[in-house]
Amino acid sequence: MFPAKIWRECPQRYRWQGCQCSKCKRVLFPPRQICPGCGGRKMKPATLPRQGRLLYYTIIHNPPPAFNDQGTYAVGIVELDNGVQITCQIVDVEFANLAPGMRIVMEFRMIQKDGDAGIIAYGYKAVPSGEHNFIAEVESAK
Ligand SMILES: [Zn+2]
């Protein structure tokens, strides 16, 4: 990852910041200039909730070169409690325990390192929160 890209993405990466459309109130992440919902162009910064749930996931066995040092890892689509969906790594969990619907919390972690002496990029990863997901339990009991 190039330093300019890391610098440009600082607010969203480090402050967990998206934007909210002033017209229709939709929250967007990553931030955009034009709202895809209503075409509105007036945005204000919006801090995202840290809690959400896992929608889908997959296990990456053959990572791209930039993630070679991480071995096998899980990536998923998470829906935050305000409805924003993001793709991110899911960490601190046995792969066998991953399940759609499980509650997660977003934590600030190292994302990747650019070589041994290079830039270390930080961002958010999803960690199972251990909270019960009553909706998933009811659905699985059917
Ligand atoms: Zn809008």
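Predicted model: local features only at pLDDT ≥ 70, side-chain atom pairs only at ≥ 80, totals over all residues.
Q: Why are strand E2 and strand E3 called edge strands?
A: The open sheet consists of 3 strands in the order E2-E1-E3, with antiparallel pairing. Strand E2 (27–28) and strand E3 (43–47) each pair on one side only.

Q: In which sense do strand E5 and strand E6 pair, and over how many bridges?
A: Strand E5 (residues 73–80) pairs with strand E6 (residues 85–90) in the antiparallel sense, over 6 bridges. Gly 76 stands opposite Cys 88 in E6. The two strands, E5 and E6, form a hairpin with 4 residues between them, and Gly 83 in the turn has a positive phi of about 95°.

Q: Which residues have the most contacts inside the largest nonpolar core?
A: They are Leu 54, Val 78, Ile 104 and Ala 126, in a core of 15 residues. At least two residues of this core come from each of E1, E3, E5, strand E7 (103–113) and strand E8 (120–128).

Q: Why does this core lie between domain 1 and domain 2?
A: Both domain 1 (8–48) and domain 2 (49–142) give residues to the core, so it lies between them.

Q: Which residues does Val 78 touch, not counting residues up to four places away in sequence?
A: On that basis, Val 78 touches Gly 52, Leu 54, Leu 55, Gln 85, Ile 86, Cys 88, Ile 104 and Ala 126.

Note on methods: Residues numbered from 1 in each chain as written. Pairing = 2+ DSSP bridges. Core = buried A, V, L, I, M, F, W, Y, C linked by C-beta atoms within 7 Å. Buried ≥ 20, exposed ≤ 12 C-beta atoms within 10 Å, placed from the backbone. Domains from an automatic or database assignment. Contact = placed C-beta atoms within 7 Å.
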